[in-house]
Amino acid sequence: MLKLLKHMSPKEWLMALISTAFVAVNVYLELRLPDFMSEITTTIMTEGSRMSDIWRSGGKMLLCAGGSIAASIIVGYFAARIAAAFSMRLRFTVFSKVQSFSLGEINKFSTPSLITRSTNDINQVQMLIAMGLQVMIKAPIMAVWAVLKISGKGYEWTMATGGFILFLLLLITGISLLIIPRFKRIQEMTDSINRVTRENLTGLRVVRAYNAEGYQQRKFDLANRELTSLHLFTSRTTALLFPCMSLVMNGLTLSVYWIGATLIEGAGMADKLVLFSNMVVFSQYAMQVVISFVMLTMIFIMIPRVLVSAKRINEVLETPASVTDGSDFYISTSGLGEVEFKNVSFKYPNAEDYVIRNISFKAHQGETVAFIGSTGSGKSTIINLIPRFYDVSEGQVMVDGIDVRSYPLKQLREKLGYIPQRSVLFTGSVASNVAYGDSGRGESSLEDIKRAAYIAQASDFVETLPEGYDAPISQGGTNVSGGQKQRLSIARAICREPEIFIFDDSFSALDFKTDKNLRKAIKSELSGTTCLIVAQRIGTVRDADRIIVLEEGNLVGSGRHEELMQDCEVYREIALSQLSEEELANG
Amino acid sequence: MDNKREHRSGHGPRSKRPIEKPKNFKAVLKRFLHFSRPYLPAIIAALLLSAVGAVMTIIGPDKLRQIAKLIEEGVTASLKCGGQIGIDLAAVGKVCLNLAFLYGFGALCSYAQGFIMATVTQRLSFTMRDMISGKINRLPLKYFDKVSYGDVLSRVTNDVDTIGQTLNMSIGQLTSAFALFFGSLIMMLYTNVILTLVAVLSTILSFALMAIIMARSQKYFVRQQKQLGSINGHIEEIYSGLNIVRAYNGEEQSEKVFSEINSKLFESAWKSQFISGIMMPLMGFVGNFGYAAVCIAGAMLVMDGRMGFDVIIAFMIYIRLFTQPLGQLAQSLTGLQSTAAAAERVFEFLDEEELSPEEQGAVTSHKSQGRVEFRDVCFGYTPEKQVIRNFSALATTGQKIAIVGPTGSGKTTIVNLLMRFYEPDSGEILIHGIPSRKMTRSCVRDQFCMVLQDAWLFEGSIRENIIYSMEGITDEQVESACRAVGLHHYIRTLPNGYDTILGDNAGVSAGQRQLITIARAIIENAPLLILDEATSSVDTRTELQIQRSMEKLTEGRTSFIIAHRLSTIKSADLILVMRDGEIIERGNHSELLREGGFYAELYNSQFDEPSA
């Protein structure tokens, strides 16, 4: 948390300081209130006081109350501004930090976790700061000040107050100790209820096919029962809190009076009246002390959770982005599109084994190079090295004859048109998705967009949409089908006119026919563009200028389809699993 | 203030919802009362207890007043007579003891109330979760076409949790607040009418002020919720598509959008934070204002000799008791509103139409030899669009029916009808002579083994996953099934063998997951088979293994195969070609090729000459 506070600006620190001053004013005024109260009491009790005296004391009291509320409003204003401004900045810092992460860092955290860290965790911190500036600062000031005021007025009363506070603290600590560990368990059980339900939902057909409804229900029951018994325990325990708190407050007032009666009786003539008004005032102060302690404990219960959030945010901020800009800027040697791997090996940090080992190949301008191999053979890893989603462990990846790590990231990526396996669309319109990003060439015209969609075989379906290219795309592209999404994401790559296309298994969502037409269109319309294709289907790769066959991270074959069918065992095996011998021969 | 909306599930950034209002409060309330009928006596007892507890709190100030009066009398008396007569300590002690007892009893009552309500709400939540979970399996699959899983999930957890938390708080609070409010009002009236008027007036005044502030500020809360939602949406979108953002140099663009939303959020966030921050002090001010008003008015009355000072002391507490429940009332009413909104969603789900009941005298067990006949079957997912028209076909024992077509063409429709996941609109499907409609669903499903494309496994051991819900399966059977699919050796190499828990990343590949589901189907050993061949993203060797296992599975069984492999398609006895959800062609491979229709086109597009 302290580390996070370093992100506060000097202005905010100053505001916090001013706000603290106002907290003090607020506390002072709130504690003055009972003084005026006792002034009224004494005035009334004193023979011969006039009504005007009472009005004066009453007026003072109201003024005091008004001043105190004014001070709290000012504090509230500062607290809200500081908390909101701070969290705004923090949110942005985290956001742009995450944007600079490479896949390595993202996988370390996982995307859902990063999302929670940028949203919920920051909200938690914002809440604590806002609360903290008001309550956390106020409660101790109040408690100390009130205790000081009280302590002079009779130690019996102070003792009684201390006793009640001690009881309260013990109670709250006891309850927290009992329930906080169970909260963790509740979280786990809630997750498991979620899991069992999700399982049932995703496997609806299987569950029914196996007549396993009862089986699922029993499983759910088990988790449900445990969750309920945990909930029962915690809520029954927390139910103690409220009655006990009011017992303490009421009990304290009662004891102050009871003790007061004895004190007054035992006091000398002259002190009796003073003691009496002291008693009334004391019961008020004592209440303030108790309330501050209650507030403090509430905050202390809140703090651990926020600390966890703060730690999680810090973890993000402290993780250095492993992929950073290269130092040199190269004058655009446009139209090259040459990719070369020189003895490239890659392994994940801390991993024992390499994902790919000693890969070398070269793709000349306009060539199509395809990668094929079983899952985990490292084909996606190879092409992820080109846009620097990861950096090589050994060897060099060269684009246009220059190591990718020497480029500024922006310049490198302007050369690339990357299409992922799982297509991603953003909220917006068809056009904004196709024209997405910064190609270094300024904004794309509608003509460019249409041409890209045409080549990507997307124009047919886009033109049937009522709003055409302005048709809205909802978050995650849920309002278009998988194949349409994939075609739009290919159009997006085409639209930026890159030197190199990188298709990371982008064709599997397309049916054979579209797959084929698309490859034909790219070949004829964008003949100067280099294509790197990762694929599963033999049909997709068989026309490539070069096919690179991978197994367990090693390059085990390289050449054209016919050559590989002749002398690459792995390739033949893959091919045979998809096509019958006869078809391959005929094909 | 935000605790009850705390998000719980680890990653659900949309958990912060604004206060939701039910569509029909009355109907939900009625339904809810009906639902909680078994607990009504307990609830009523709790309500009574909370009222009693509140009454104890109210009597308190009156007793305090008595103490103050005794002391005051003592002091005045001793002032007058020079110390001969003092405070009647015995009387004070008696009243104090009395009061201590009252407070203790009140606390006991209010704890008993809390205990009962906690128990009732948790039991209610249990029942609700239980009912929802059971309901999932009684709903027709049709229902899940229109509702997302996330929606159902959030009803099981979020909505029921909301009910559990708010109901517990609100009901107890509501009664005690009511009791406190009216009780203190009555006690005030009983003690002194004029002061009561002063107290009520000053309270109304300051609450009116607060109401105005609240009403004006509501829009900031709504705006904040909206902007939080949109910033979370943006974050989610960018993070999950970060590859694209980075590859397309879209960082600046998204930072711009982010900053825009972020600064809008800042505006509404600080305003709503500010307002919720000053609510507490404002409440305090209401108290103080009333307090001062009571003191001044009280002092005047005392000066006039119309009442004693003790009344002021009593009123000082009454005024707090009187203003406090107003805030609580507002709080518990909003609480009840979220309870109702959540309950409405739960009931809505529970009220969904269930599967049609089984026909009377439906066959419950039937041993077929694998003969399946479609007779004039018509079916559409929606009444407007019929996708299967007058379809008739016969599959005899051991035959293979292949269903082919591009992605998304509705190949699972036939499966849905066979398994009675959906019912045909007209016509019938006969399994060995008996219309499937005339069998119980579980009887129909007993006839089939099924292997679907996405290998559905659950968190549990491999053994549990293979046996699943089947009973009386021996370890030998499990092992022989695994040997049959070639998994036995692999499983033996795992640290816990067959007891290895399958989690999210248990190092079991997609292909191996598929093999496990095949083993499951082998154990079920039913005469009919439904198979989805697609094995995308599986490595070559496992692929071959799967293929072999699937072939083994089809031996001697009548099989319906969603086919992707030419070898399967070519050897099929009947090929059904699907497109856009409809069966458009049928026949065997050579017939279809001869026809030169869609099938021929599809076939040729994959395997024609390499393009130039």
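This is a predicted model: local features need pLDDT of at least 70, side-chain atom pairs count only at pLDDT 80 or more; totals for chains, interfaces and linings use all residues.
Chain B gets three domains, and some of them are put together from separate stretches of sequence: domain 1 covers 1-192 + 325-355, domain 2 covers 212-306, and domain 3 covers 358-447 + 533-539 + 563-612. Between the centres of domain 2 and domain 3 of chain B, again over C-alpha atoms, there are 58 Å.

The two chains meet through 138 residues of chain A and 131 residues of chain B. On the chain A side, the top contributor is helix 3 (residues 51-99), which supplies 25 residues. As for the make-up of that side of chain A, 66 of its residues are nonpolar, 47 are polar and 25 are charged.

A261(A) gives a close-up of contacts between the chains. This residue belongs to helix 10 (residues 241-266) of chain A. Is A261(A) buried or exposed? It counts as buried, because 26 C-beta neighbours fall inside 10 Å, against a cut-off of 20 or more. Setting aside neighbours within four places in sequence, A261(A) is in contact with I67(B), I71(B), I87(B), L89(B) and V92(B). Within its own chain, A261(A) is 14 residues away from L275(A) in sequence, and their C-alpha atoms are 9.5 Å apart.

Chain B holds an open sheet of four strands, arranged in the order 2-1-4-5 with antiparallel pairing. Strand 2 (388-395) and strand 5 (434-435) are at the edges with a single partner strand each, so one side of each has no neighbour in the sheet. Elsewhere in this sheet, strand 1 (residues 372-379) and strand 4 (residues 426-431) of chain B are joined by five bridges in the antiparallel sense. In that pairing, F374(B) has I429(B) of strand 4 as its bridge partner.

Strand 9 (residues 528-532) of chain B is a different story in terms of pairing. Strand 9 of chain B runs parallel to strand 6 (residues 448-451) of chain B, with four bridges between them, and F448(B) stands opposite L528(B). Strand 9 also pairs with strand 10 (residues 558-562) of chain B, in the parallel sense over five bridges; here L529(B) stands opposite S559(B). Five of the five residues of strand 9 are buried, so this strand is largely enclosed by the rest of the structure. In a regular strand the side chains alternate between the two faces of the sheet. For strand 9 of chain B, both faces are covered: L528(B), I530(B) and D532(B) are buried on one side, and L529(B) and L531(B) are buried on the other.

How values were computed. Residues are numbered from 1 along each chain as its sequence is written. Chains are lettered from A and ligands numbered from 1 in the order in which they are written. Domain bounds come from an automatic or database domain assignment. Two residues are in contact if their C-beta atoms, placed from the backbone, lie within 7 Å. Helices (H or I, at least four residues) and strands (E, at least two) are DSSP runs, numbered from the N terminus. Ala, Val, Leu, Ile, Met, Phe, Trp, Tyr, Cys and Pro count as nonpolar, Asp, Glu, Lys and Arg as charged, and the others, Gly among them, as polar. Two strands pair if DSSP finds at least two bridges between them. A residue is buried if 20 or more other C-beta atoms lie within 10 Å of its own, exposed if 12 or fewer, and partly exposed in between; C-beta atoms are placed from the backbone.
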